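Me: I'd like to go through this model with you and ask what lies behind the labels. Could you show it first?

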Amino acid sequence: MVSLRAISVALIAGASYGCFWHSTKPSTPARANPAAAPAPAEAEVSPSAPTVPASPRVPEAPGQTATPSPPAWPPTIDADTDNPPRMPPPPASARGPVRVEMKNVNLHVAEGVVLKIHSLRGALLRTAASRPPVFDERDSFVMRIDAGEIALTTASLTALMNDYVFAYRKAPIKDLEITTDDKGRLEQEGVLDKKVDIPFKVKAVMMPMPDGRIRLHAKSIKAAGLPVKGLMGLLGIEMDDMVKIQSGRGIAVDGNDFILDPQWMLPPPRLRGKVTAVRIEGDEIVHVFGSGPAAGRRLCPYTSYRNYMYFRGGNLRFGKLTMADADLALIDQDPKDPFDFNHDRYNDQLVAGYSKNTPSRGLKTFMPDANDLAARTARRPAARDRSTRNEAATPRPKLR
């Protein structure tokens, strides 16, 4: 008879480490009809990146030259030098980038998922050479982060994992809840979805990797209330043996560790950036990108505003308007708290605010916070209901 203990340990191992993130293998391009496949976008060219010499032109015949073949997309990744392998970055074009700077912005990227941007400096990169970044089309641009700090609360992270990362059929993890403890560790509790559901709890520490991803290293693993990490080691069981998670979600499994790639974990618009440090402050996980807080001279020329999003250069489209050589500042009407900006409701915020043209032919738009706008909208039906009840309760004079 097979040992019940061995079976439970095998299931427990899968439960505990499936807890947080989810892609055991790097994304592999799906087989498709070459004639129907979209043309690859231009590769981004970073000013700081070393220049790669072009392939020499090889003469085909006297008086003729051959054009070198374009590089394959996605680029080939060497598994021997990149372990665990990472996915190629989101495709983007270097044509006409729009420089961007943000300060004290709560950016809604999905329902219940808010990026708390302390500071950010980078660029919006178009994903198609023929189309500029469009606010109304999330997949029309990638946001490159050169420097900045972005925090994510455990509540936002929980919503991201349950409603986006693990929101697919036969996902191995469900009912995930993420918190922090007093030792600066992440605690993840959830259920491994097998033939028999197994509850698990994992405590892990986070650390940046040289390539800009984040390693999640487990310190303790419990399943059904029992510690199992040591027993897994005795049996030679590792997480990548047990957890089979859908690829293309920004997560890879390396032994007993999970590797997180912010470039793919969030829904569009995708991020590009290198995480250089990560820390836990209360119930928030703070990610430091590049050189950290955007120091030095501000890109935004309006020094009196504390909470804003500023876009400069290139072409930018929002609604029916297109700005050439963009000079657009979105400014918080209420500077007492961070600028709450909802990508899906930005037009409502524009309508509720007001705009001013600048001497340099730019545009300053002052907008209410999205959460204030939502609260204001919710109060209106209640006020109408009260007025209707009061009107019904007031006796009308009799006509003679």
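**Labels and the values behind them**

Reply: Let's start at one residue: leaving out residues up to four places away in sequence, Asp261 touches Arg86, Arg213 and Gly250. Please keep in mind that this is a predicted model.

Me: Where is Asp261 found, and why is Asp261 called buried?

Reply: Asp261 is found in the loop between β12 (257-260) and α5 (262-265). Its relative accessibility is 5%, and buried means under 20%. Asp261 therefore counts as buried.

Me: Why is Thr365 called buried?

Reply: Thr365, in strand β22 (residues 363-367), has a relative accessible area of 2%.

Me: What makes β3 and β4 a pair?

Reply: Pairing needs at least two bridges, and eleven join strand β3 (residues 98-110) to β4, with the strands running antiparallel. One of the bridge partners in β4 is Leu120, which goes with Met102. The hairpin of these strands has two residues between them, and Gly112 takes a positive phi near 80° there.

Me: How do you know that β4 and β5 pair too?

Reply: The same test of at least two bridges applies. β4 and strand β5 (residues 141-153) have ten bridges in the antiparallel sense, so the pairing holds by that definition. Arg126 stands opposite Phe141 in β5.

Me: Why is β4 called mostly covered?

Reply: Strand β4 (residues 113-126) has 14 residues, and eleven of them are buried, where buried means under 20% relative accessible area.

Me: Which residues touch the most other members of the largest nonpolar core?

Reply: They are Met161, Phe311, Leu330 and Phe341, in a core of 64 residues. β3 gives the most to this core, with six residues. A second, separate core has seven residues, including Cys300, Tyr308, Tyr310 and Ala329. As background, nonpolar side chains in soluble globular proteins tend to be buried together.

Me: What does Leu330 touch?

Reply: Leaving out residues up to four places away in sequence, the contacts of Leu330 include Phe135, Asn307, Phe339, Thr365 and Met367.

Me: What do the buried residues of α2 pack against?

Reply: They pack against β4, β5, β6 (173-180), β11 (251-254), α5 and β15. Among these buried residues are Leu157, Leu160, Met161 and Val165.

Me: How many cavities of 30 Å³ or more does the structure hold, and what lines the largest cavity?

Reply: There are five, and about 220 Å³ of space lies in the largest. Its lining has 17 residues, with Leu152, Pro262, Met265, Leu266 and His287 nearest the centre. Two or more lining residues come from each of β5, α2 (154-165), α5 and β15 (284-290).

Terms used
Residues are numbered from 1 along each chain as its sequence is written. This is a predicted model: local features need pLDDT of at least 70, side-chain atom pairs count only at pLDDT 80 or more; totals for chains, interfaces and linings use all residues. Side-chain values use heavy atoms; hydrogens and water are left out. Buried means under 20% relative accessible area, exposed over 50%, partly exposed in between (1.4 Å probe, protein chains only). Helices (H or I, at least four residues) and strands (E, at least two) are DSSP runs, numbered from the N terminus. A nonpolar core is a set of buried Ala, Val, Leu, Ile, Met, Phe, Trp, Tyr and Cys residues joined through side-chain atoms within 4.5 Å. Contact means heavy atoms within 4.5 Å. On a 1 Å grid over the protein atoms alone, a cavity is a set of points where a 1.4 Å probe fits but cannot get out, and a pocket is an open set with protein on both sides within 12 Å along at least five of seven lines; lining residues have an atom within 4 Å of a point. Grid points are joined across faces, edges and corners, and a volume is the space filled by probe spheres set on the points.
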